[in-house]
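Please open the model in a viewer and keep the sequence at hand. The stops below proceed by selection.

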Amino acid sequence: MSKLAGVSVKTLHHYDEKGLLVPFRQQANGYRVYTQNHLVRLQQIIIYRELDFSIEAIKSLVQSSDDQLLDTLSHQKSLLIQRQQTLSKMINSLEVTMDSIKGKENYDILFEDIPKEKTERWGSLSQERYSKEESEKQMSVLAKLSEQQMREFKEESDKVTLAFAETIGMPFDCTIVQQLTDEHYQMTNNFNKLVARENGYKDIPDLGYEEYVGMANSVDLTEVNELCEHFGEGYSEHARQAMIYYAEQRLMDDKIKLKGPE
């Protein structure tokens, strides 16, 4: 009986003691003897236990009329639906937290060559600006990327950043500076599209005039400014001017579309 039903002998003894599943007894030796009907009853009991019915409630159920049984099971169904909804919320919360942690790990790859005290300071400044929910959402989108994808982006980003740092002091509209700015623009678009695809979205358009100028002016944020200056004094303002000039020369059509006809 234990093997057929997948329950322990101890459990069968317990059900016997509670009067829930009472077997026949052999008079000669007192052994418990179970029949096919006992097996059917035990399967019912197992189901009720999975539904969190108490032993006493199950005793009533197996002796109930069909109408009483239907009412009891309907009530239990309602309770299970409530529990299912609660569990679903808990699972979603866990997934958000897990994605946030994984995303933060990917995000940290980009700054692993920078002293920890600096990145911690920048992180604190950023957290003061955004709510916990907003921060988790920002990190969760990076969770879909693999470590290899993040490291490939870091390698490309470092290459452009270090090359741009070498141009500090050059005119922001000169050929080499604008070539590097174009590399930055294309790299940013490619990364944004990669993140979108990995998160299940269709391909997104390239950054427009307003978006790229907004990115250029993000150097006004303390943490962004300090990050830029980490690569060279004057980097932040040099980058701002180069990016705005690039937007005016290459993305001006987007600005006109936004404003509409004069």
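Select Glu155 to begin: this residue is placed in helix H8, helices being DSSP runs of H or I with at least four residues, numbered from the N terminus. The model is predicted, so local features need pLDDT of at least 70 and side-chain atom pairs count only at pLDDT 80 or more, whereas totals for chains, interfaces and linings use all residues. Residues are numbered from 1 along each chain as its sequence is written, and side-chain values use heavy atoms, with hydrogens and water left out.

A polar atom of the Gln149 side chain lies 2.9 Å from the backbone nitrogen of Ser146. Leaving aside residues up to four places away in sequence, Gln149 touches Lys144, Leu194 and Glu198 (contact: heavy atoms within 4.5 Å).

Finally, move to helix H6, residues 116-129, and select Lys116 and Glu120, four residues or about one turn apart. They form a salt bridge, with closest N and O atoms 3.9 Å apart; the criterion is a side-chain nitrogen of Lys or Arg within 4 Å of a carboxyl oxygen of Asp or Glu. The count by this rule is 16 salt bridges.

Note on methods:
Polar contact = N/O pair within 3.5 Å; in protein donor to acceptor, adjacent residues only side chain to side chain. Helix = DSSP H or I, 4+ residues; strand = E, 2+ residues; numbered from the N terminus.
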